[in-house]
Amino acid sequence: MRTLLFLLLAFAACREPESQPAVRVTAGDAQNGARLIRELGCGGCHTVPGVRGANGLTGPPLTAFAQRAYIAGRVPNEEANLVQWIVSPQSIDPETAMPATGASATDARDIAAYLYTLDRGGLGPPHLLPKSWLDALRTAGPL
């Protein structure tokens, strides 16, 4: 019995800890944020996991957004910066291709809350893999 208990404790100690989202938004409604992402057409430019039809290729994919250190490579990935970016991206980067979204500050907090739920990465959809990998997979044929 002691051996079994020891093995169970050893196994539990070796498990990787559950990761928490890198950032948490306290003022937003993530469920409403997903709806707003759909309604505002963010998916026309961005791939957004969990949002139906959000598979755009113009802007960067927002996969694992909570793990990112910067927003648009310009400012730290913090709630206030993300809300400002969503409401008025040109106020952070005047030369960005991202258009004004028409989102209010409240809408932006909800969108930010949803984006901060995206904390797991992985390889993502096939279009995110390097072209050389895709070419190699295509020429290799079935496994």
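This is a predicted model: local features need pLDDT of at least 70, side-chain atom pairs count only at pLDDT 80 or more; totals for chains, interfaces and linings use all residues.
What is the handedness of the crossing of H3 and H4? H3 covers residues 79-87 and H4 covers residues 105-115. Their axes come within 9 Å and cross at roughly 120 degrees. Angles of 65 to 115 degrees would count as roughly perpendicular, so this pair ends up classed as oblique instead. As for the hand, the crossing of H3 and H4 is right-handed.

Now zoom in on who touches whom. On the H3 side, the contact is made by Glu-79, Leu-82, Val-83, Ile-86 and Val-87. H4 answers with Ala-105, Ala-108, Arg-109, Ile-111, Ala-112 and Leu-115. Sort the residues of this contact by class and you get nine nonpolar, no polar and two charged.

H4 has another partner to look at, helix H2, which runs over residues 30-39. Here the axes come within 7 Å and cross at roughly 105 degrees, and H2 and H4 are therefore roughly perpendicular to each other. From H2, the residues making the contact are Ala-30, Asn-32, Gly-33, Ala-34, Leu-36 and Ile-37. From H4, they are Asp-107, Asp-110, Ile-111, Ala-113, Tyr-114 and Leu-115.

The largest pocket holds about 560 Å³. It is lined by 27 residues, and those closest to its centre are His-46, Pro-60, Leu-62, Trp-85 and Met-98.

Which elements each supply at least two residues of that lining? They are strand E1 (70-71), H3 and H4. H3 gives the most, with three residues. So much for where the lining comes from; its make-up by class is 20 nonpolar, six polar and one charged.

Conventions
Residues are numbered from 1 along each chain as its sequence is written. Side-chain values use heavy atoms; hydrogens and water are left out. Axes are lines fitted to C-alpha atoms, for helices over the stretch in contact, and angles run from 0 to 180 degrees between N-to-C directions. Helices (H or I, at least four residues) and strands (E, at least two) are DSSP runs, numbered from the N terminus. Angles under 35 degrees count as roughly parallel, over 145 as roughly antiparallel, 65 to 115 as roughly perpendicular and the rest as oblique. A crossing is left-handed if the near helix is turned anticlockwise from the far one by less than a right angle, and right-handed if clockwise. Contact means heavy atoms within 4.5 Å. Ala, Val, Leu, Ile, Met, Phe, Trp, Tyr, Cys and Pro count as nonpolar, Asp, Glu, Lys and Arg as charged, and the others, Gly among them, as polar. On a 1 Å grid over the protein atoms alone, a cavity is a set of points where a 1.4 Å probe fits but cannot get out, and a pocket is an open set with protein on both sides within 12 Å along at least five of seven lines; lining residues have an atom within 4 Å of a point. Grid points are joined across faces, edges and corners, and a volume is the space filled by probe spheres set on the points.
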